[in-house]
Amino acid sequence: MAGEPTTLNTAQTIAQALREQILSGELAPNTRVTQRDLAAKFGFSPMPARDAVKMLLAEGLVVQEGSKTIIVAPVNGEDFIEIMDMRTLLEPRALELSIPKLTDGDLAEARAALALSGTTRDPRQVVANHWAFHRALYRRAGRPRLLNLIEQHHNLLARYLLPSWAQFGVMDEWAPDELELMELVEQQRVPEAVQWLRNDLGLARERVIQPSRQ
């Protein structure tokens with residue numbers, strides 16, 4: 001029993017390192033991932049490497065191709081549309097449940113995240129700052145499974161907000177758009193805030209898929 005927490009922690013360490021490599025683009029889409037290579041790379045036994053792969057399979061960052069081959073999940077238009085469809089289903093519900101329970105501290109945290117808009121041009125940091133704003137607004141939903149699914153789909157979406165996609169994703173100056181949502185939340189105008197979010201997610205989806213149709 002004493003070794004189990006160590007094995008779990010090791011698997012989480014490997015999973016986090018792989019997650020970062022995938023989200024940063026260091027591990028390109030369709031790259032093969034093997035437990036043996038992971039074990040050798042990180043200097044651990046195959047068991048935690050296997051568990052790390054299972055974690056990323058559950059998150060959708062890697063996928064199974066054939067009976068044994070695991071690859072980094074492809075990046076394509078169909079995948080993006082599915083991610084955005086899931087976001088449009090999940091995030092408005094989380095916001096609806098969360099708004100009545102938000103504390104002054106939550107609202108202050110969201111406002112602080114808004115203030116970070118335009119402070120960096122690094123695409124990954126822009127995305128992180130923008131997500132910190134939304135996370136603060138969703139956190140009181142009281143639905144751990146819902147919030148976990150939202151977090152997973154945010155990680156999947158982050159792959160589309162790397163430099164080559166950033167022109168269609170979150171802009172460096174994103175606060176002016178989100179300020180309207182912030183004010184609706186502060187005023188406890190739940191239906192309007194939920195509809196605003198749905199509309200915004202729809203616009204974000206179209207920014208990516210419209211150029212691909214031309």
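1. Read from one end of the sequence to the other, the protein follows the pattern α-β-α-α-β-β-α-α-α-α-α-α, and its secondary structure comes to nine helices and three strands, where helices (H or I, at least four residues) and strands (E, at least two) are DSSP runs numbered from the N terminus. This is a predicted model, in which local features need pLDDT of at least 70 and side-chain atom pairs count only at pLDDT 80 or more, while totals for chains, interfaces and linings use all residues. Residues are numbered from 1 along each chain as its sequence is written, and side-chain values use heavy atoms, with hydrogens and water left out.

2. On the protein as a whole, buried residues make up 41% of the 214 residues, with buried meaning under 20% relative accessible area, exposed over 50% and partly exposed in between (1.4 Å probe, protein chains only). Of the contacts in the protein with a separation of 6 or more, 76% are accounted for by residues 24 or more positions apart, a contact being heavy atoms within 4.5 Å.

3. The pairing of helix H5 (residues 104–114) with H6 is described by axes that come within 8 Å and cross at roughly 165 degrees; axes here are lines fitted to C-alpha atoms, for helices over the stretch in contact, and angles run from 0 to 180 degrees between N-to-C directions. H5 and H6 are therefore roughly antiparallel to each other, given that angles under 35 degrees count as roughly parallel, over 145 as roughly antiparallel, 65 to 115 as roughly perpendicular and the rest as oblique. H5 passes H6 in a left-handed crossing, a term used if the near helix is turned anticlockwise from the far one by less than a right angle, with right-handed used if clockwise. On the H5 side the contact is made by Asp106, Glu109, Ala110, Ala113 and Leu114, and on the H6 side by Asn129, Ala132, Phe133, Ala136 and Leu137. Sorted by class, the contact of H5 with H6 has seven nonpolar, one polar and two charged residues, where Ala, Val, Leu, Ile, Met, Phe, Trp, Tyr, Cys and Pro count as nonpolar, Asp, Glu, Lys and Arg as charged, and the others, Gly among them, as polar.

4. For H6 and helix H8 (residues 175–186), the axes come within 12 Å and cross at roughly 15 degrees, which makes H6 roughly parallel to H8. The crossing of H6 past H8 is left-handed. His130, Phe133, His134 and Leu137 in H6 meet Glu178, Leu181, Met182 and Val185 in H8, and the residues of this contact divide into five nonpolar, two polar and one charged.

5. H4 also packs with H6, at an angle of about 50 degrees and with the axes 8 Å apart, and H4 and H6 are therefore oblique to each other. From H4, Glu91, Ala94, Leu95 and Ser98 meet Trp131, Leu137 and Tyr138 in H6; the classes in the contact of H4 with H6 are five nonpolar, one polar and one charged.

6. Within helix H6 (residues 123–138) lies Asn129, which counts as buried because its relative accessibility is 7%. The side chains of Asn129 and Gln125 are joined by a polar contact of 2.8 Å, that is, a pair of N or O atoms within 3.5 Å, of which, within protein, one must be able to donate a hydrogen and the other to accept it, and where residues adjacent in sequence count only if both atoms are side-chain atoms. Not counting residues up to four places away in sequence, Asn129 touches Ala113, Leu116, Thr119, Thr120 and Trp174.

7. Leu102 lies in the loop between helix H4 (77–98) and H5, and with 13% relative accessibility Leu102 counts as buried. The C-alpha atoms of Leu102 and Ala136 are separated by 8.7 Å, although these residues are 34 residues apart along the chain. Residues up to four places away in sequence being set aside, Leu102 touches Leu107, Ala136, Leu137, Arg140 and Val185.

8. Val72 is found in strand E3 (residues 69–72) and is buried, with a relative accessible area of 0%. Its C-alpha atom is separated by 7.0 Å from that of Val33, 39 residues apart along the chain. Leaving aside neighbours within four places in sequence, the residues in contact with Val72 include Ile22, Leu27, Val33, Leu61 and Arg159.

9. Asn155, placed in helix H7 (residues 144–158), is buried at a relative accessible area of 19%. Beyond residues up to four places away in sequence, Asn155 touches Arg19, Leu23 and Leu61.
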